[in-house]
Each structure stands twice: as structure tokens, then as C-alpha cells.
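This briefing is intended for a reader who has the sequence and the coordinates at hand.

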Amino acid sequence: METRMMDTSSLEKTPLLDRTATGAPSARLLIAGVLLFILLLLGLTASPPSKATYHSLFLSLGDNATAARHLFALTRSPHVAGTPANADAASYVRSALSAASCPAHVASYDVLLSYPVLRSLALSPSPPPSSAPATAFHLVQEIYPGVPYADAAAEALPAFHAYARSGSAAGPAVYANYGRVEDFANLRAMGVNVTGAVVLARYGKIYRGEIVRNAAAVGAAAAVVYTDSKDYSGDRWFPDGPGMPPSGVQAGSTYRGIGDPTTPGWPSSAGCERLSAAEVATSGMTPGIPSLPVSARDGEAIQRSIGGQAAPHDWQGGEGAPVYRLGPGPGFLNLTYIGNETLATIENVCAMIEGEDEPDRYVILGNHRDAWTFGAVDPNSGTAALLEIAQRLGKLRKRGWRPRRTIVFCNWDAEEYGLIGSTEWVEENKEMLASRAIAYLNVDCAAGGPGFHASTTPQLDEIIKQATKKVQDPDNFSQMVYDSWVNSNDSKLIGRLGGRGTDFAAFVQHVGVPSIDMFFGGGYPVYHSLYDDFVWMQKFGDPLFHRQVAVASIWGLVALRLADDEFLPFNYISYALELQGSTKTLEDRALGMPVTFTPLYRSIEELEKAATNIDKEKKALELEVGLVGRRKDLLKVRELNDRLMMAERAFTDREGLFHREWYKHLIYGPSLHDDYGSNSFPGIDDAIEKAKSLNTSDSWRFVQHEVWRAARVVTQASLVLHGKFT
């Protein structure tokens, strides 16, 4: 809004400004005073732009050229955690944040990382003492014709499983489908002996570390995990199509913990206490047998060597694949993996925009930077979006915007190894986060294809919906992201953050910070392979970089709302309703057993009442200014917001999940047999599964104990929302 300045030229002709007039000095002072008063009055009545105006301006500043430029710079070479190339990427991120008027710093940690030294895999047509020659697999991802990064691609680490057990193993090949617990149970039911075998399993349904763990649990000597063409290649493979080429291999970690393996539950700060290598090996968090990832081409070659009964129909491959059989043998595999596990320095890059009114309340945006190869989709499409948000907010600041609360940017390191950078930072800053963090907003793979997806803690459902209603669909400018999202085929519009898929895990499951994770595209076929590069992104993932701009717009708008809204836009009524449904699902699983869910239902009813009451309080406080013409009681607003912020913390329990103590959240946590999977009331879910297996009175009594534990944390959340002692 412009302020009109008074024209004083006509006043210069009046006697009051005549230097020869009697009493001139006092007259001049009088006129000056009047003018000053008028100017001050005009200045006071000229309102600055509203927060909503700045938010609309933020949306107008999206720039796909900026997103493309950042992504190109970040993906020039492979940048695995702990390498000089990843340190260079950290320097780029730090410079970009600082250039956007967000002074950045590095938070470093020395952590245990794993690198390959020796890999070999050979296939014999029959077991010893056969003299038939063995075929040695090359285990190389082929560089495609015309690749602009041939020299850089040659620098990529060979595809491996981080933290895999070093050693050699040999045995007949057994096919185990996706390597799930139920797949090995089916093998046992079909009479297939896995003891001493080398298991062949395909990627796709569960975390690779669980595949190797499950194989070890049934006595396998080693595991080979491959990318089945049916799941990853499609009709055309890269560079002619988006699918994984026949030689493509998915690398990744097999560590089942979170954070630095040598400092479970505490930060890897300088000179800290650490577990020894032997203690890490016996912790159960790293695999007990050697393993290797291989390509679809090599996986099918092994399949052709396996005899025995044909695998079930839903275990078979796609068109053109051989008939998948179960074994064991006669194909005989000889596998060797030697790894180097060493302490290496990782670098989180952090920056902030300090809040004007509540600088001690933090809205945190996070994305990781390290990649197994070039990382165009995972994770640097998210990094590019993060930097674009910082640049847009820098432009808003030049136009006068200041956030009410502090906005923090975090670019994590070593996520691929086990969410290490974010976890160490959360563990180091745990008490501050517990008392001051409003929310954590995560983007990992910003754009890997069409279709918006989001997962949240439930009090943030409404804000993500509202944000998507204001951002154009990058694939159809005639509608908003929300329109295409709600019309998608997803059975559940918004997911939950119980898994440990990426960096939200420490915030939600260790501290209890309300969180969101969002992305376009879902799974993409060249995941964690050499082909996740800028060319693939430009041709298939996000050809015009509009999806990355859309993610930045949604991500940034949610951050602005959380940082600027006078009242936090949290809704715990919907949270309570969701918990009622989750409880009913668990109750149905325990029908006829000596367990009652009444305590949990009762506590959820109290949560719904508390959520309804605080919603009424908020509306009454919002009306105060209109009713009495005065500013709201800022202390009351702050106190109400703190209750909304702290209620999520109440869902945590210091003892954590049974035998998984690091996970403190009793409402959402990872599935017992799949770290990627998300469960509601994970403690109850684990206990029911065990009780169904044992079917003893003690096991069902333990289920009842877990129901009571969950009921107690829900009750604590209700008390926090009420804000009064009992």
C-alpha cells in the first residue's frame, strides 16, 4: 500500500513562513510540528502487507529454471556420504543458502560408514564336486550410449549393501520371492529346505535389510537381491524409456537401526562413548550373513539355473522371463563380499530465518543430500526444492516480510546409510526440539513422476490439503494439485509416518514432533542405481521441472502457515477419530481373546473432548479483538499454541517399544518385519502378532499391558490439550 505525501508548495507562500514576519521562529516550529504529526499519522495508518499477502507472493515466485540449475549443479558426480564429492555438494548447499540471506553453518559428526572393497559372485550349474565351469558375474552397471557423465559415472562406487557382513559363502540357490517372513513360511510349507542355501530374492515389498535378516533367520548362508524386470523395467528401459536397464542394480543399506551404529541413542559428538566393532556386529542391527545386490540380467541367469517345483503364480516374473522355480539348486552360488567399515565425517548444513515475535519456536524443513550415485530424484530433487524455497523467502524478506516464528533449513548427510545425519542432530538437540519445535516438514524425492503423495501426523492433515488447493497441478494447469490428488486411485489419501523410510523418523518416533513428508511420483524404476541422473530427470522424472516447483510451493506454503499464523493450524479432532478406527482394526484381530480395548477407547473419547474444547478456546480467543477492540492477550495465544505443539510429545513413552527402545512413539511406528512399513499402535500390533504365535495366557496378558500403555499416552495428550492439572 502506498502512502500519499502532502504537497507543501502552497504553504511556502503563507505569512507564517515569511522570515520577516513577527514571531517567525515560533510559527515555523508550529508548522513543522503539524507536518510531523500528519506524516506520523499517515505512517501509522498505512498498514504493512498482511501475512496472507506475502504467502500469495511466495507462490508467484516459483522458478523452474532455478530448480533445474540447482539440480544440475548437485548431480554432476556421484556423492556418497563421507566422500570429497559429497563435501563439495555440502559447500554448494551452504553457499546457496547464504546467497539467499540465510547464513548457514555445518554440523559435523564422525560416524561409522561402510564401503565395498571386494565383491564376487559365481554360478555353477551343479554343486561340488562337479567339474562344470562356473560363470562369474561382472557386477557392473553399464554406461549407456551418449551419456554426458561417462567420466563421472566411472567414479561411482560399485553397487553394494552397506554394512553387509564381510565373508564368503557358497550353497545351492533357493528362490524366496520378496524375502518376506510369509515367503519363507511358504517355502517351508512347500517342503523347500533353505538351510545352507544362498537365497535369491527380489526387491520390491520390504526393506532390503529385512530380506537379509529373514534369510539368515531360516539358516541361509548368504542372500542375493535383484531388481526383477517385472517390477522395475516396464516396456522400455533407460535411455529410451524410464525403466531400469538390464544391468541396473539397486544399492542400499542393510542396517536395521537408525543413526550411527556406534552411538545408538546418543549423538556422535567429538570424543563421545562408542560401541566397538564387535558390539555393533552382535547388536542384531547389522546382517548376520553376506549379501549382494545384482541386476535383473544376473537375477534371471540365476533363476534359469534353479530346478525343483515351479514357484506359485504370484511369485513368477513378467513377460519373457523364465519359469521361476524354488530349488534348492542345482544352480550353485559362490559369493564373496569384503567391506571396509570406518569412521568418516559427515556434514549437515543448517540455516535459519529468525522469527520476529517468537524466535524460540521452530518450523524445520529438511532434506538429505547424500546419494548412492548421482541422486537426481533421490534426494537432490528435494535439495533443489529446498534451495528454491530459501531463495523465495529471501525475496520476501527484501519486501518486508518477517516470520512470526523461526524457520530452520536442514540439509542432512548420510541418510542413505540409516538416517544418520538427521538422527545424530535430533539426538544432540533432543531437549531443545522437545520444548520448542512446532513441526518438521520433510521432502526426500521431490519429483520422480506424476501424482502428489503426502504422509503426516494427523493434526496436520488439514493444512496440507489447504496448501494443495492453492498450488497449480504441474501436469494440468487447469486444476490445482488437490483436485488431481483427491481423484487419484490411492486407497488412502494421506499416509502416516510410522515407518523409518526417511529423515522424519527421528523427529516423529524419537521426540514426537508433528511432521509431514511429501513428494511427486511415488516409486521410480531407476531408484538407487547409476541411472538416477540429470538426464533421466530431464526426460522422464520432471521434464520441465514444474513438479519440483510445485513441491517447493506446497512445502513452503505449509512452512509459512506454521511460521506466520497467529494460532497454530493443528486439528486434534481428526486425530482422535483416526485413532478410534485404528483401535477397531486391532480389536478385530484379537476377537475372542482375553483382551479388552475399553481403556483405549475411553482415553480416545477424552482426547476428542479435549480437542473439541481447545478448538472452542481458539475460536473464542480469535473473536476477542472484534468484540472489545483490543489486541488479543498474547500470553494466552502463546499458551494455547504450546498446548497444541506439545500434545504430540505426549504420545511418546520413555521406555519405547518393547525390544525397540529407540522408538518412543506409541501411536505410530515401523512394522516389526518391515522398517519401511507404518503401523498404528505398533506395540499392540507386535504383541498381538506374538500372542497369536504363542497363544499363551502370558502372551495375551502382555497384549493387555500394551493396550494400557497406549491408553496412558493418549490420556496424557488429552491433559496437555486441556492445559490444567487434574
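**Salt bridges and their surroundings**

The side chains of Glu578 and Arg496 form a salt bridge, with 2.7 Å between N and O. Glu578 belongs to helix α20 (residues 572–589) and Arg496 to strand β16 (residues 494–496), so the pair ties together parts that are 82 residues apart in sequence. Both Glu578 and Arg496 are buried. The model is a predicted one, and the count of salt bridges in it comes to 31.

**Further salt-bridge pairs**

- Arg660 and Asp686 are joined by a salt bridge whose closest N and O atoms are 2.5 Å apart.
- Because Arg660 lies in the loop between α22 (634–646) and β18 (668–671) and Asp686 in helix α23 (residues 682–694), this pair ties together parts that are 26 residues apart in sequence.
- Arg660 has a relative accessible area of 13% and is therefore buried; Asp686, with 12%, is likewise buried.
- Glu142 forms a salt bridge with Arg297, and the closest N and O atoms of the pair are 2.8 Å apart.
- Distant parts of the chain are linked by this pair: Glu142 is in the loop between β2 (135–136) and α5 (150–153), Arg297 is in helix α10, and 155 residues separate them.
- Glu142 counts as partly exposed because its relative accessibility is 41%, and Arg297 counts as partly exposed with a relative accessibility of 41%.

**The network around Glu358**

- A network of salt bridges links Glu358, Asp360, Arg361, Arg405, Arg638 and Asp642.
- Glu358 is placed in strand β10 (residues 358–368).
- With a relative accessible area of 10%, Glu358 is buried.
- The side chain of Glu358 makes a polar contact with that of Arg405 at 3.3 Å, and another with the side chain of Arg638 at 3.0 Å.
- Apart from neighbours within four places in sequence, the residues in contact with Glu358 are Arg404, Arg405, Thr406 and Arg638.

**Nonpolar core and surface patch**

- The largest nonpolar core comprises 211 residues, and those with the most contacts inside it are Leu113, Phe409, Tyr417 and Trp425.
- Helix α19 (residues 546–564) contributes the most to this core, giving 11 residues.
- When neighbours within four places in sequence are set aside, the contacts of Tyr417 are Val80, Ala81, Leu113, Ser114, Tyr115, Phe160, Ala162, Tyr163, Ser253, Tyr255 and Trp372.
- On the surface, Val117, Leu118 and Ile338 make up a nonpolar patch, their accessible area together being about 250 Å².
- Leu118, one of the patch residues, is found in strand β1 (residues 104–124).
- The relative accessibility of Leu118 is 44%, so this residue counts as partly exposed.

**Helix α7 and what follows**

- Helix α7 (residues 208–217) is mostly covered, 7 of its 10 residues being buried.
- Its buried residues are Arg208, Gly209, Glu210, Ile211, Val212, Asn214 and Ala215.
- After α7 comes Gly219, which has a positive phi, near 95°.

- Glu300 lies in helix α10 (residues 296–305).
- A relative accessibility of 15% is why Glu300 counts as buried.
- Glu300 and Ala321 are 21 residues apart in sequence, with a C-alpha to C-alpha separation of 7.3 Å.
- Asp475 is located in the loop between β14 (472–473) and β15 (476–480).
- Asp475 has a relative accessible area of 41% and is therefore partly exposed.
- The contacts of Asp475, leaving out neighbours within four places in sequence, are Pro450, Gly451 and Arg547.
- With Arg547, the contact includes a side chain to side chain polar contact of 2.8 Å from Asp475.
- Asp475 and Ala277 are 198 residues apart in sequence and 50 Å apart in space, taken from C-alpha to C-alpha.

Methods. Residues numbered from 1 in each chain as written. Predicted model: local features only at pLDDT ≥ 70, side-chain atom pairs only at ≥ 80, totals over all residues. Heavy atoms only, no water. Core = buried A, V, L, I, M, F, W, Y, C linked by side-chain atoms within 4.5 Å. Buried < 20%, exposed > 50% of the residue type's maximum accessible area, 1.4 Å probe, protein only. Helix = DSSP H or I, 4+ residues; strand = E, 2+ residues; numbered from the N terminus. Contact = heavy atoms within 4.5 Å. Patch = residues over 30% accessible without salt bridge, like charges linked within 9 Å, V, L, I, M, F, W, Y side chains within 5 Å. Areas by Shrake-Rupley, 256 points an atom, 1.4 Å probe, with all protein chains shown as cover. Salt bridge = Lys/Arg side-chain N within 4 Å of Asp/Glu carboxyl O. Polar contact = N/O pair within 3.5 Å; in protein donor to acceptor, adjacent residues only side chain to side chain.
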